[in-house]
Amino acid sequence: MKDALESAWIPGDQLMPDHPLLDSAHQSRRVVVMIDSPDQLDERPPHKQKATLMLSAMRHYADALRRAGWRVDYREGASFGAELRAHLRETGSRKLYMMEAAEWQARQRQHQLKDDLDAEIEIIPNGHFLCERFAPEEKSGRKLVLEFFYRAMRRHFGVLLDATGDPIGGEWNFDRENRKPYDSKIRPMPPIQFAPDAITAEVMAKVEREAKSSMGSTRGFAMAVTREQALQTLDDFIVHRLPQFGAFEDAMAAREPILFHSVLSPLMNIGLLGPLEVVRRAEAAYHAGAAPINSVEGFIRQIIGWREYVYWRYHRMMPGFHERNHWQAEQPLPDFFWSAQTEMNCLHQVIGRVLETGYSHHIERLMVLCNFALIAGIKPKDVNDWFLDGYVDAYDWVVTPNVIGLGLCADGGVVGTKPYIASAAYINRMSDYCKGCRFDPKARTGDDACPFNFLYWNFLLRFERQLRANPRMGPNVLGLKHLNEAERQTVQRQAAAFLKKL
């Protein structure tokens, strides 16, 4: 590699097949550097499933680049900075190219490298997010909410539009058709799995040996780690689960951790799949008559709408996003978030699968985990850190706006438009969790009352004045008229006693 004149650094969340730094015109004089170091893998110790995914995918990506004729310097070491300096010294590279990081803190470190390295550094725009190419405008003094962001993105990229430019089906949003509860008679086909090859097996052993403080284990790892496997995973979802994804998008089940969800976010978040290609594949399924409009639109909204929106919003709220605490929540994160040992069956099931696999689908994240944390008054940063530690698709740009923003509404309603709170009635309606629980989902107070109930009503009582000012919270607040003074005091006493035990 002595003849290399310039280098391109590609980190583990930029494993794009069309990475802008891999222009064939530069192949003869550019060397790709990839670095596996504990201080580079993540800000916090990631779940062992996530660490395995990223490190195995990095190694497979490096091999694919070599087969394509690229010179690759794949380095392992304790210090990212030391390894990068060694690479520049050994190759003689005087110029280092990199693509802008997705996470805010990583971007700051990239610019700091300009002062730390004896090389010219050029940072190109991030090419993995659609809103880096086109971002809807936010008018001065008016917040751009998700729905209008989503519509602007669809118009710009021409997604699910008819010949006149109107939304196919006559509606932008078919969410009203996507609220069916869990049906035990329906058995979805689980996602495709891939047996670990020699590279992945080596990574699994490394993670178990070195990632002592990380959550979970590598046991059962079977995710895609190559571009080819990622495309197979996409096809598997489109064929087997997309048709019913929409109707059961919000359903939850103890024995069905995936249901009809795609589980594509871990692969998209490291670059093996691009957002627009996933959207186009789903759109093609609709036009082929292979999936209904409510499923296709709901899935596309998650990507071109929500995923892009939270990334766009995140960079407009940093720094300081992590410290947001609109409701002044000060309750520590309960110990059962690290053991799943709780009598509340919904929390036991969802936390248990996160600890084991690093995954639960989005409605369980929002309406079980974040719902509980919000009405229990748990510190937002503690909850956010747990999500960052626990999920295989966790990155600061996606976790923080989803948890501190939408899930906990700790940003005061910037990301979302209301606090997403619900009593046990919602969980009982949308899942089978309550059937296996010792608590009564219909009891508001008493020894057998589900904690979701008295915590929910206690939250409404505590913040009644603030919630009345939000037009979307009207039905919730109006429910307080059914509680007389004695019932209000009972709710507040039971909530206080429960929280004290936490």
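Modeller: The following dialogue treats the overall fold and then the aromatic pairs. The model is predicted, so local features need pLDDT of at least 70, side-chain atom pairs count only at pLDDT 80 or more, and totals for chains, interfaces and linings use all residues. Residues are numbered from 1 along each chain as its sequence is written, and side-chain values use heavy atoms, without hydrogens and water.

Biologist: What does the radius of gyration of the chain agree with?

Modeller: The radius is taken over C-alpha atoms, and the globule rule is 2.2 Å times the number of residues to the power 0.38. For 502 residues a compact globule would have a value near 23 Å, and the 24 Å of the chain agrees. Of these residues, 60% count as buried (under 20% relative accessible area, 1.4 Å probe, protein chains only).

Biologist: How many aromatic pairs does a search of the whole structure find?

Modeller: Rings of Phe, Tyr and Trp (its six-membered ring) pair if their centres lie within 6.5 Å; planes under 30 degrees apart count as stacked, over 60 as edge-to-face and the rest as tilted. The search finds 26 such pairs. Phe237 and Phe299 make a tilted one, with 4.8 Å between centres and 45° between planes. Phe237 lies in helix α7 and Phe299 in helix α11, 62 residues apart (helices are DSSP runs of H or I, at least four residues, numbered from the N terminus). Both Phe237 and Phe299 are buried.

Biologist: Why is the pair of Phe454 and Phe498 edge-to-face?

Modeller: The planes of Phe454 and Phe498 stand at 70°, with centres 5.6 Å apart, so the pair is edge-to-face. Phe454 and Phe498 also belong to one aromatic cluster, with Trp386 and Tyr391 among its members.

Note on methods
Buried means under 20% relative accessible area, exposed over 50%, partly exposed in between (1.4 Å probe, protein chains only). Helices (H or I, at least four residues) and strands (E, at least two) are DSSP runs, numbered from the N terminus.
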